[in-house]
Every structure is written in structure tokens, then in C-alpha cells.
Amino acid sequence: MGNAFACLSSHQKAVSKKRSKRAPRPAGPLPTSLSQRRNATVSPSPSRRKNDNRLDDDALIRQQAVAAAILFRQHQRSSSMTFDRSNSVVYPIPAPSWNKHSNLPRSASTRTGSFSDSPLKPHQLLTKDLKLDELETKHFVLVHGGGFGAWCWYKTIALLEEAGFEVDTVDLMGSGIHSSDTNSITSLALYVKPLTDFLGKLADGRKVILVGHDFGGACISYAMELFPSKVAKAIFIAAAMLTNGQSTLDMFTQQTGMNDLMRKAQIFLYANGKDQPPTAIDLDKTLLKDLLFNQCTAKDVALASVSMRPIPIAPVWEKLSLSDAKYGSVQRFYIKTQEDCALPSLLQEIIISSNPPEQVFQLKGSDHSPFFSKPQSLHRLLVEISKIPPKRV
């Protein structure tokens with residue numbers, strides 16, 4: 001706008017007029033012709049500019065979230081495609097002239113950082129003495145929670161892969177981009193089939209670290225019972241860590257009166273008619289942030305709101321059959337989320353005390369979705385657990 005007025009004044013001739021006593025002449029030149037007066041730009045008020053900017057920012061956030069979901073889904077469809085995470089990927093740049101020896105990674109992001117979405121710097125999080133070849137396994141398999149999909153792990157995937165780990169994710173049946181109808185899933189075995197198929201194809205002698213979030217904890221427990229020799233460690237993140245003969249529904253009934261927000265957010269779906277049992281549970285999109293993402297950025301909340309799907313109810317009702325010889329032979333670790341509104345801290349303590357793992361870790365300041373709200377802290381704990389030596393038989 002300033003350039004427009006500069007061009008206007010350069011072609012304008014000075015006009016000699018007698019000054020008015022009532023209205024002093026402005027410091028700058030005035031438009032002298034009718035066309036110039038018509039073309040003069042009026043600046044919007046500060047309040048109007050603020051509202052316009054807010055609308056633009058909200059629209060941009062939603063566009064970015066949708067684009068991220070689409071890119072991730074395209075990546076999953078083509079294993080040969082390199083996943084381009086975002087502009088926040090770190091990369092080495094030439095050292096500044098005042099320090100020839102500096103080689104710190106810089107972020108390409110021009111966006112202002114926040115408390116929960118700081119630039120990803122995995123090399124600064126890992127200890128210098130980390131030797132991947134000396135680990136029992138460097139292969140992580142990440143299993144999402146109810147309603148989520150493999151898309152939710154995009155930050156964790158990026159951090160682990162940059163640190164040199166091998167990472168795989170699965171979309172459980174009817175989740176993420178899996179084509180099955182959620183309402184048609186009638187058992188836990190069917191729901192977990194993408195995970196058990198993956199483990200079944202692993203070569204003999206290969207082991208992985210299973211990571212389960214939320215309902216994904218019950219899913220990895222089921223897989224541990226089937227393939228104990230292929231699971232080096234199991235990590236439960238704010239997850240259903242069940243005992244023999246217990247269902248996920250049994251676990252949640254222990255929090256009666258603890259979580260009114262969860263009860264309000266649940267929407268039961270009846271694909272077979274209202275006179276039949278419900279087939280799935282959906283979550284009220286208007287309550288997602290308060291329930292699952294209370295420490296997350298608006299961008300990640302928007303991504304989740306366009307990507308989450310209903311949760312099949314039959315697997316939630318199913319009781320697990322777990323043995324000490326198989327499930328019990330795998331090292332278990334629990335990561336507790338301190339600011340969790342979906343699985344409150346008190347309920348997590350009950351889960352831990354009912355089925356004690358080898359070790360419990362705390363994620364301070366994390367909501368139910370630490371892969372969004374605390375990705376670097378979660379990454380650090382995953383790496384730390386990977387370094388714990390196996391149990392002696």
C-alpha cells in the first residue's frame with residue numbers, strides 16, 4: 001500500500017492553496033483528481049483486521065491438517081514413496097560465518113513454535129553412546145488406539161527413523177484407511193488381524209518392540225499371546241493393559257464416576273437396528289479436544305477430527321485369554337500420561353497395580369495423545385526402553 005501512495009505522489013503536481021484555519025492540511029499530498037479520490041484505499045479498522053486474520057488462520061490450519069492426512073494415506077498405499085513429514089523437518093545448514101565449527105541442525109519451519117509443537121530435533125535427544133547394533137532389536141511396531149489410525153504416529157515415525165530405528169505401523173481392521181466397515185467387525189481376532197498377519201510373516205529369529213496406545217494395549221496383548229517369541233518388549237502408552245479373563249470394557253467400568261466427559265462424548269451406533277446391541281462407538285467431534293487432545297495444537301486436533309473413525313464394540317467387550325508362559329514371558333513397560341482426560345491418572349494407577357509391568361514411566365504435561373502433545377518426550381522414553389537389556393531366563 002505504501003508503494004501505491006509513493007507512485008501516486010510522484011506523478012502529482014504541487015497545488016498552491018490558502019490554508020484553512022479550521023482544518024490544517026495533512027503532511028502528505030492529497031489526491032487532486034476525481035479518479036485519484038475514488039481509488040484512494042481506506043485501511044480497515046484494527047478489530048476487522050484481527051477478525052479477518054483469525055478466519056484466515058483457522059482455514060489454513062484445517063487445510064494443512066487435511067493435506068497431512070491425505071499425504072500420510074498416500075504414503076501408506078505406496079511403500080516405495082518417501083514420506084515427507086512437514087516443513088519442520090530438521091536439516092544441516094552451513095555454519096554461520098561467526099562460528100565455523102557450528103553444525104547444529106536448524107528447522108526449516110517459519111511457523112511460530114508452541115509449547116507442544118517444538119521443532120523436531122531427534123539427534124539432540126539421543127545419547128551419543130547409543131549403539132543400535134547392540135540392542136536386542138531396533139524394530140518398532142506402533143499400534144494405534146480405538147478410533148485412531150496409523151496416521152496418528154507421524155511424528156513418532158519421523159523421530160525414530162531419523163535416529164536409525166526401523167518402524168512399522170498398522171491400520172487395524174476398519175481403522176485409518178482400512179476399507180472394512182467398522183460395524184462388521186465381530187471379534188478381537190478380526191480387528192487385530194492386520195497386526196497378527198504382520199507378525200506371522202516375520203522371519204524366524206526376528207523380534208520387534210510392540211507399542212500400543214489406548215485400546216491398542218489390548219491388541220498387542222492378544223498378539224503377545226500368539227507370538228511371544230517375536231516380541232522383545234511391549235510398551236503400553238495410556239493403554240488397556242489387561243489381565244487374564246478381563247475385557248477392555250471391564251477396565252473402563254472401574255472408572256464409573258471418574259470420567260463424565262467420556263460418557264458425554266460417546267455416541268453408540270446401531271447398524272443392525274435399535275432393537276439389537278450396538279455395533280460401534282463414535283465420539284462427539286465437538287468434545288474431541290477436551291477429551292483426547294487437551295494439550296495438543298489446533299493443527300493436530302484438526303487432523304484427528306477429519307481422520308478418526310468409529311470403534312467396533314465387539315472387540316471392546318471380548319475377554320482376553322492370557323497365559324504366564326506366553327504373554328507373561330514378554331517384558332512389559334507402561335508410560336503414564338499425567339494430564340489425561342480420557343484415561344484419568346487414577347484409573348491408570350489401578351491398571352498398573354492390577355497387572356504390574358517391569359517399569360513405569362511418567363509423561364508430565366501429556367494428554368491422552370502424547371504422540372501429538374509430547375512427541376519428543378515420548379521418543380526419548382521409547383529409545384530409553386529399547387536400551388533396557390532382556391530378562392535372564
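In this predicted model, the crossing of helices H5 and H16 is right-handed. Helix H5 spans residues 154-162 and helix H16 residues 375-386; the two pack at an angle of about 50 degrees, with axes 10 Å apart. H5 is therefore oblique to H16.

**Contact of H5 with H16**

- Helix H5 contributes Lys155, Thr156, Leu159 and Leu160 to the contact.
- From helix H16, the contacting residues are Pro375, Gln376, Leu378, His379, Leu382 and Val383.
- By class, this contact comprises 6 nonpolar, 3 polar and 1 charged residues.

**Aromatic pairs**

- The count of aromatic pairs comes to 10.
- Tyr154 and Phe372 form a tilted pair, at 6.1 Å centre to centre and with 55 degrees between the planes.
- Phe293, in the loop between helix H11 (288-292) and helix H12 (298-307), is 79 residues from Phe372 in helix H15, and the pair links distant parts of the chain.

**Burial and clustering**

- Tyr154 and Phe372 are both buried.
- Phe372 counts as buried because its relative accessibility is 0%.
- Phe293 is buried, with a relative accessible area of 0%.
- Ring pairs join Phe148, Trp151, Trp153, Tyr154, Phe293, Phe371 and Phe372 into a cluster.

Note on methods:
Residues are numbered from 1 along each chain as its sequence is written. This is a predicted model: local features need pLDDT of at least 70, side-chain atom pairs count only at pLDDT 80 or more; totals for chains, interfaces and linings use all residues. Side-chain values use heavy atoms; hydrogens and water are left out. Axes are lines fitted to C-alpha atoms, for helices over the stretch in contact, and angles run from 0 to 180 degrees between N-to-C directions. Helices (H or I, at least four residues) and strands (E, at least two) are DSSP runs, numbered from the N terminus. Angles under 35 degrees count as roughly parallel, over 145 as roughly antiparallel, 65 to 115 as roughly perpendicular and the rest as oblique. A crossing is left-handed if the near helix is turned anticlockwise from the far one by less than a right angle, and right-handed if clockwise. Contact means heavy atoms within 4.5 Å. Ala, Val, Leu, Ile, Met, Phe, Trp, Tyr, Cys and Pro count as nonpolar, Asp, Glu, Lys and Arg as charged, and the others, Gly among them, as polar. Rings of Phe, Tyr and Trp (its six-membered ring) pair if their centres lie within 6.5 Å; planes under 30 degrees apart count as stacked, over 60 as edge-to-face and the rest as tilted. Buried means under 20% relative accessible area, exposed over 50%, partly exposed in between (1.4 Å probe, protein chains only).
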